[in-house]
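I opened my notebook to look through this structure one piece at a time. Follow along with the picture as you read.

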Amino acid sequence: MRDAKLSTEELTQALAKLPDWALREDEAAITRSFRFANFRQAFAFMTECALMAEKLDHHPEWFNVYSRVDVTLTTHDSGGITRRDIELATAMNRASSRPD
Ligand code: HBI
C-alpha cells in the first residue's frame, strides 16, 4: 500500500518537531548530518538504525565517513516524503541521543 506524500502544511508541522533535519532543495527528501565522537559510535548508531529500518520496512540513504553519518530519507514508492520518513527520522534522532 503506497503511502500518500505529506502536504506542505503536514511537512512543516513534522519538521518543526524534528530537530536538525532539513528539507532537500527539491523538497522530495529530508536530510540530516549526525556527528559522533568516533567511528565506533557512528557505526553503533548505524547498526541500531539498520534494525529499526528493517522493522519499519523503510530504509535510509546514508553515507558514513569516520564519525559522521549523513542521512537522506524519502519514500521511493511514493516519489516524495511520507509519514514513514518522519517516523524513521524521529527514531534516528532518539537513537543518536541515547547514551552508550
Ligand atoms: N525504504 N526509504 C524507503 N523507501 C521505499 O520506498 C522503500 C523502502 N524500503 C522497502 C521498500 N520501499 C519496499 O517495501 C518496496 O520497495 C516494495
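**Entry 1: a word I need first.** I call a residue exposed when its relative accessible area is over 50%, and buried when that area is under 20%. The model I am looking at is predicted.

Is Asp57 buried or exposed? Its relative accessible area is 52%, so Asp57 is exposed. I found Asp57 in the loop between α2 (39–56) and β3. I also looked up its backbone: phi of Asp57 is near 50°, a positive value in a residue other than glycine.

**Entry 2: the whole chain.** I stepped back to see the overall plan. I counted 3 helices and 4 strands in the chain. Reading from the N terminus, I wrote down the order α-β-β-α-β-β-α.

Next I looked up the dimensions. Along the principal axes, the C-alpha atoms fill a box of roughly 35 × 25 × 20 Å. A compact globule of 100 residues would have a radius of gyration near 13 Å, and the chain has 13 Å, so the two agree.

Of the 100 residues, 40% count as buried. The accessible surface of the chain comes to about 6300 Å², and carbon and sulfur atoms hold 52% of it.

Among contacts between residues at least 6 apart in sequence, 65% join residues at least 24 apart.

**Entry 3: the ligand.** Which residues surround the ligand? I listed Asp57, His58, His59, Thr74, Thr75, His76 and Asp77. I was pleased to meet Asp57 again here. Sorted by class, this shell has no nonpolar, 5 polar and 2 charged residues.

A polar side-chain atom of Asp57 lies 3.1 Å from an oxygen atom of the ligand. For Thr74, a backbone N or O atom lies 3.0 Å from a nitrogen atom of the ligand. For Asp77, a backbone N or O atom lies 3.2 Å from an oxygen atom of the ligand. The ligand on its own has 390 Å² of accessible area, and the protein covers 65% of that.

**Entry 4: Trp21.** I moved on to Trp21, which sits in the loop between α1 (8–16) and β1 (22–23). Is Trp21 buried or exposed? Its relative accessibility is 7%, so Trp21 counts as buried.

I looked up what Trp21 touches, leaving out residues up to four places away in sequence. My list has Leu15, Ile30, Thr31, Arg32, Phe34, Val71, Leu73, Ala89, Met92 and Asn93. With Asn93 there is also a polar contact between the two side chains, at 2.7 Å. For a sense of distance, I checked Lys55, 34 residues from Trp21 along the chain: their C-alpha atoms are separated by 22 Å.

Entry 5: Arg32 was on the Trp21 list, and I followed it up. Arg32 is in strand β2 (residues 30–35). Its relative accessibility is 16%, so Arg32 counts as buried. Beyond its neighbours within four places in sequence, Arg32 is in contact with several residues, including Pro19, Asp20, Val69, Asp70 and Ser96.

Which residue makes a polar contact with the side chain of Arg32? It is Asp20, side chain to side chain, at 3.4 Å. Asp20 is in the loop between α1 and β1. At 58% relative accessibility, Asp20 counts as exposed, because the cut-off is over 50%. Phi of Asp20 is near 75°, a positive value in a residue other than glycine.

**Entry 6: Met46 and Ser67.** The C-alpha atoms of Met46 and His58 are separated by 14 Å, with the two residues 12 apart along the chain.

Ser67 is in the loop between β3 (61–65) and β4 (68–73). Aside from neighbours within four places in sequence, its contacts are Phe34, Arg35, Phe36, Ala37, Asn38, Phe39 and Ala42.

Note on methods: Residues are numbered from 1 along each chain as its sequence is written. This is a predicted model: local features need pLDDT of at least 70, side-chain atom pairs count only at pLDDT 80 or more; totals for chains, interfaces and linings use all residues. Side-chain values use heavy atoms; hydrogens and water are left out. A residue is near a molecule or strand if one of its heavy atoms lies within 4 Å of it. A polar contact is a pair of N or O atoms within 3.5 Å; within protein, one must be able to donate a hydrogen and the other to accept it, and residues adjacent in sequence count only if both atoms are side-chain atoms. Accessible areas come from the Shrake-Rupley method with a 1.4 Å probe; for residues, only the protein chains shown count as cover. Ala, Val, Leu, Ile, Met, Phe, Trp, Tyr, Cys and Pro count as nonpolar, Asp, Glu, Lys and Arg as charged, and the others, Gly among them, as polar. Helices (H or I, at least four residues) and strands (E, at least two) are DSSP runs, numbered from the N terminus. The radius of gyration is taken over C-alpha atoms; the globule rule is 2.2 Å times the number of residues to the power 0.38. Buried means under 20% relative accessible area, exposed over 50%, partly exposed in between (1.4 Å probe, protein chains only). Contact means heavy atoms within 4.5 Å.
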